[in-house]
Amino acid sequence: MIKSKLPHVSTTIFSVMSQLAQENNAINLAQGFPDFNTDSELITRLNYYSTQNYNQYAPMFGVEKLRILLSEKFTKLYQSDYDFQNEINITSGASQAIFNVISTLIHPNDEVIIFEPAYDLYQPTVELFGGKVVPIKLKHPEYSIDFEELKQKISAKTKLIVINNPNNPTGRILSEEDLKQFEKIISETNAYILADEVYEHITFDEKKHQSFAQLKSIKDRVFIVGSFGKLFHITGWKIGYVLAEKELMKEFRKCHQFNVFSTHTPSQYALADYMENAEHYLHLNQFFQEKRDFFIEGLQQTKFEILPCEGTYFLSANYAKLSDLNDVDFATKLTKEYKVATIPFSAFYQDKTDHNIIRFCFAKKNETLEQALEKLSKL
Ligand code: PMP
Ligand code: GLN
């Protein structure tokens with residue numbers, strides 16, 4: 001019998017709900033992935049590079065042109081310069097980037113602050129490396145950060161603070177003022193920041209994404225993580241990236257080289273060609289805002305109480321007017337009986353806090369959303 005390193009961990013909620021959706025022939029608005037086609041231009045580039053025999057190991061840091069384009073993007077959008085040689089690395093998805101940042105930083109008994117509800121990858125990874133998670137709950141129901149609590153919970157042992165902005169699952173985004181508060185608090189500590197910004201190009205209502213890359217005074221303690229899966233509707237390619245100042249990146253690469261070494265080669269070349277045209281990602285906001293609005297309009301005809309959605313492709317809703325069940329049972333019932341799969345919010349809390357909220361993914365064809373809304377209208 002193996003002595004489990006993660007005795008309290010079971011299969012991730014995303015696999016559980018996707019499987020339940022499949023078994024029950026339900027529409028999957030649970031796991032976050034688009035159901036529409038990837039742009040054929042990108043697929044053509046991928047075919048080109050794999051047939052032209054770009055099929056051997058990519059450089060450990062990632063394909064150079066892709067790193068140069070990322071460097072240019074950060075200079076242009078956030079006025080923050082990262083040297084493509086020493087400060088940018090391509091990874092096998094944002095997941096591997098996050099895992100690797102945590103493996104780079106965390107020693108046994110280091111404390112890591114995580115805001116809940118939290119994406120489910122952070123906590124177990126911290127624990128794998130002997131770290132201790134210090135959770136801070138976002139203030140319900142607006143899901144804002146309690147900066148006073150943050151100040152209280154930071155200790156000499158705080159090695160890392162994980163921040164996901166725009167936030168999965170709440171759909172909330174941080175303001176410029178929030179970032180200033182973070183900068184002030186963190187500059188008085190020795191903590192590092194892991195800024196999971198995979199939804200950076202999905203913010204709504206003209207609100208601008210505030211990247212931690214902009215915080216000059218603490219830049220030497222910040223890791224920024226992104227995902228091409230979210231950017232170009234290719235979650236199955238599993239390509240992401242990390243940006244961090246030279247000294248941090250040096251240590252990151254020591255772990256990365258023995259983790260995956262390098263990332264899928266033809267995809268990186270294809271992405272580099274595709275990314276040359278910034279139009280391919282700068283209109284993502286508008287594209288998803290239309291879907292958000294379409295879905296909200298339909299959901300308003302039901303008894304769900306919709307929570308604000310400022311970013312990401314997730315919309316949350318309170319179902320208390322529809323059922324007394326706990327959120328896991330409600331999401332299960334919705335999948336089995338009404339044929340729409342969602343994610344119960346309690347899965348994003350260590351202590352399984354349940355406010356009767358479920359998360360819908362609206363990165364779907366309008367016809368899929370329409371079918372789901374029709375089913376939900378029967379509730
Ligand atoms: N962080 C967040 C907040 C996510 O929602 C996801 C899921 N896409 C990831 C990281 C992982 O991204 P990837 O699929 O590129 O590994
Ligand atoms: N990020 C996706 C979500 O929040 C899921 C990714 C996964 O299944 N690991 O739904």
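**Close-up views of a predicted model**

Figure 1. Lys339 is partly exposed, at a relative accessible area of 26%. The model shown here and in the other views is predicted. The value for Lys339 falls between the limits of 20% and 50%, so the residue counts as neither buried nor exposed. Phi of Lys339 is near 65°. That is a positive value in a residue other than glycine. Lys339 sits in the loop that links helix H13 (327-338) and strand S11 (340-341).

**Figure 2. Lys352, an exposed lysine with positive phi.** Phi is near 60° at Lys352, again positive in a residue other than glycine. The loop holding Lys352 runs between strand S12 (343-344) and strand S13 (357-361). Lys352 has a relative accessibility of 52%. Exposed means over 50%, so Lys352 counts as exposed.

**Figure 3. The shell around ligand 1.** Ligand 1 is surrounded by 13 residues. The closest are Ser95, Asp196, Tyr199, Lys230 and Lys238. Helix H4 (residues 93-105) contributes the most to this shell, with four residues. By class, the shell has five nonpolar, five polar and three charged residues.

**Figure 4. Polar contacts of ligand 1.** A nitrogen atom of ligand 1 lies 2.5 Å from an N or O atom in the side chain of Lys230. An oxygen atom of ligand 1 is 2.7 Å from a polar side-chain atom of Ser227. The backbone takes part too: a polar backbone atom of Ala94 is 2.8 Å from an oxygen atom of the ligand. On its own, ligand 1 has 390 Å² of accessible area, and the protein covers 93% of it.

**Figure 5. The shell around ligand 2.** Phe14, Gln31, Gly32, Tyr119, Asn168, Tyr199, Lys230, Phe314 and Arg359 surround ligand 2. Four of these residues are nonpolar, three are polar and two are charged.

Figure 6. Taken alone, ligand 2 exposes 300 Å², of which the protein buries 79%.

Figure 7. The bond from Glu116 to Pro117 is cis, with omega near 5°. Pro117 lies in the loop between strand S3 (111-116) and helix H5 (122-128). The bond from His140 to Pro141 is cis as well, with omega near 5°. Pro141 is found in the loop between strand S4 (132-137) and helix H6 (147-153).

**Figure 8. Cysteines without a disulfide.** The structure holds zero disulfides. Cys309 is in none; the nearest cysteine sulfur, that of Cys361, is 11 Å away. A disulfide needs two cysteine sulfur atoms within 2.5 Å. Cys309 has a relative accessible area of 6%, which is under 20%, so the residue is buried. Cys255, at 26%, is partly exposed.

Figure 9. The unreviewed UniProt entry places the feature "domain: Aminotransferase class I/classII large" at residues 26-376. Over this span the chain is 39% helix and 16% strand. The end C-alpha atoms of the span are 12 Å apart.

Definitions and conventions: Residues numbered from 1 in each chain as written. Chains lettered and ligands numbered in written order. Predicted model: local features only at pLDDT ≥ 70, side-chain atom pairs only at ≥ 80, totals over all residues. Heavy atoms only, no water. Near = heavy atom within 4 Å. Polar contact = N/O pair within 3.5 Å; in protein donor to acceptor, adjacent residues only side chain to side chain. Areas by Shrake-Rupley, 256 points an atom, 1.4 Å probe, with all protein chains shown as cover. Helix = DSSP H or I, 4+ residues; strand = E, 2+ residues; numbered from the N terminus. Nonpolar A, V, L, I, M, F, W, Y, C, P; charged D, E, K, R; others polar. UniProt positions renumbered as here; feature names shortened; annotations may be inferred. Buried < 20%, exposed > 50% of the residue type's maximum accessible area, 1.4 Å probe, protein only.
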